[in-house]
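Here are some questions and answers to go with a two-chain model. Have a look at it first, then read on.

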Amino acid sequence: MAEENGDKKSTGLLDRVRRDVTDLKETIKEKGKEELEGLKEPEKTQLFRSIFRVKHDETPRNRALSVLSNVFFHLHPAKVNRDAVKYKFTWGMGGITFYLFIVLTFTGVLLMFYYHPSKVQAFRDILYLENDVPFGKLLRNMHRWAAHLMIIAVWLHMFRVFLTGSYKRPREFNWCIGVLLMVLTLLLSFTGYLLPDDQLGFWAVTVGTNMARATPLLGTEGPFGAMFGMTPYNDVRFALLGGSIVDANALLRAYIWHCIAIPLIASIFMALHFWRVRKDGGISGPAPVMLESEIKEEKGHRPVILRPSGMV
Amino acid sequence: MNWHQIWEVASAPDNVPIVALLFLVPFYVWYAFRQALENDRLIDKLSADPQAAKTEYRKTEPWNPKWEREVHTWPYLLRIELVAAILVTALLMVWSITLSAPLEEPSNPNVTMNPAKAPWYFLGLQEMLVYFDPWIAGVIMPTLIIVGLMVVPYIDANPLGNGYYTYKQRKFAIWTFLFGFIGLWVLMIVIGTFIRGPGWMWFWPGQTWDAQRVEFAVNRNVDQIFGINGSWLVHFMPASNASYAPILARIIFGIFPILFYFVAAGYGVHRLLLTTEFSRKIFKRMTLLQMATMELFLILMLSLPVKILLRLLLRIKYVWVTPWFSI
């Protein structure tokens, strides 16, 4: 060390320490300044770039990359129709539906911590949740109202898609997936109805599943059901309830459908739904209006099975 | 007048969504139609002036040729999504703090709730139970609604109105959907919530829900009106089977009103598809399968209001009675 410094006079330990401390003072000041400068532009830091993978400059390229290279955002295209970001066209109902699904998953998972799907426990768990669990009542209320809101949002979403003709070519199949998603939303809500195991849920589910008894061929009271060998102990209602009455098995089945099976199925359909929105060219509009005079006449042989290929 | 009764129903926490629907649906219908009529005016203008049609932006949105046609998702869309998420969360918070989810007594199979109502979004189906047997109202109709909605894109042969609000170019489609969604779905839910009381009886707003009220069912079947008893059939049947004559006669008789309905409604729907010159043009584009599917679903959809009218005006319970099912 001493040789390296080329220092003749001070080789004492004390001197060396003193010199190092002075050096360090300088470096800390410099590095501190550097650190402070860095804080002014957090998006240039290594930490930021390790998380978001791209630089964040005010360039079109980086604006596009911040969407495309982000796993949560990449469902979006990098750019959207300038008129489509206005509320008046989409009403935001599809996005709100998806957001409510996330809210419901979140509150639902928290509710599952406090709930046992058994006849002995279920109702008491709700009482416990409402009266003793911190914010338990808020949690349950939020789950319930978000579910109601989701149904309204789904209906209004479908209403908007219909009125803008967005189900037309090439989005026909995505409309079908959407219809199935709506049915799944209703089923999700319906299966959740029984879980508090109170009179309201019990009789609603009784009324609902009694209708299954009347299924043609597969229900004991349905047309040709008895001829088909259906009894209260083997018909479609029995399969739904896991018994001939709404009881412990029905509670467990509702729980599993509600918390695992339907959310999984709905998630798969949602992935498909969003993916198709992109593949079909993003959201449908607001598109330029078409005129009647621009409808192309079919020429020659018309395709059979369903529709002519339509315009454009 | 008992206004407390209607308040009690309207203020039940679980009925809040229906009260909300009463405002939201008219609002969004108005909101959509305002844009549709705006677009229709633009369509009229462009149709009258083909030269403008070539150069125009063809939207009612403001437009400057210097503007980009697309904007970056980040931040122009993502910030909207963030705001929407925050607003929805805030709404849910306020709603959850002010109103509590209902919790009744523990479930008890021995104590029937009166009225025992399905969740609000299924009340349309429950209301249908008044007019149809459960196998139709609870199984066939829901299936038809789902399948009917799914075939919509495949039977709509009208290429116009893809991606913008318009009324003029899609009158038939829009009226059909409004009729189905508002007339047959939302309205039935509203009736099921506000009008149907104990015993699923009809209580006008302002009437007290009286659990003791008794209604005398005086409904009859169509064959009873015509006095079908099979007396003429007996002559054609072996004596040992004579007791089956009334049943058989009713089965045979019932086919005719059903057939008549299908033919009459089918023709009516067909006429409706050919009302205007434009609709005739679209009709020409439809394939046989599209035509048949559309008319079938319209006939089946119309059967609900027809049955409601038959019940309310003529007090008819069943049109076709068989030992296995009745319609």
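Predicted model: local features only at pLDDT ≥ 70, side-chain atom pairs only at ≥ 80, totals over all residues.

Q: Do the strands β1 of chain A and β1(B) run parallel or antiparallel, and how many bridges join them?
A: On the chain B side, the strand is β1 (70–72), and its partner is residues 79–81 of chain A. The two strands run antiparallel, and the number of bridges joining them is three.

Q: How many residues of chain A are in contact with chain B?
A: Contact here means C-beta atoms within 7 Å. Chain B brings 86 residues to the contact, and on the chain A side the number is 95.

Q: Which element gives the most to the side of chain B that touches chain A?
A: Several elements supply at least two residues each, including β1 (70–72), α5 (78–98) and α12 (288–314). The top contributor gives twelve residues, and that is α2(B).

Q: How many residues of the side of chain B that touches chain A are nonpolar?
A: That side also has 16 polar and 14 charged residues. The nonpolar ones number 56.

Q: Why is chain B described as more spread out than a compact globule, and what is its radius of gyration?
A: The globule rule gives 20 Å for 327 residues, and chain B is well over that, so it counts as more spread out than a compact globule. Its C-alpha trace spans about 90 × 55 × 35 Å along the principal axes. The radius of gyration of chain B is 26 Å.

Q: What percentage of the residues of chain B count as buried?
A: A residue counts as buried if 20 or more other C-beta atoms lie within 10 Å of its own. Of the 327 residues of chain B, the share that passes is 28%.

Q: At what angle do α2(B) and α8(B) pack?
A: B:Leu21 and B:Val25 of α2(B) are among the residues making the contact, along with B:Val186 and B:Ile189 of α8(B). The contact residues divide into eight nonpolar, one polar and no charged. The crossing is left-handed. The axes lie 10 Å apart, and the angle is about 145°.

Key:
Residues numbered from 1 in each chain as written. Chains lettered and ligands numbered in written order. Contact = placed C-beta atoms within 7 Å. Helix = DSSP H or I, 4+ residues; strand = E, 2+ residues; numbered from the N terminus. Nonpolar A, V, L, I, M, F, W, Y, C, P; charged D, E, K, R; others polar. Pairing = 2+ DSSP bridges. Rg over C-alpha atoms; globule rule 2.2 N^0.38 Å. Buried ≥ 20, exposed ≤ 12 C-beta atoms within 10 Å, placed from the backbone. Axes fitted to C-alpha atoms, helices over the stretch in contact; angles between N-to-C directions. Left-handed = near helix turned anticlockwise from the far one by under 90°.
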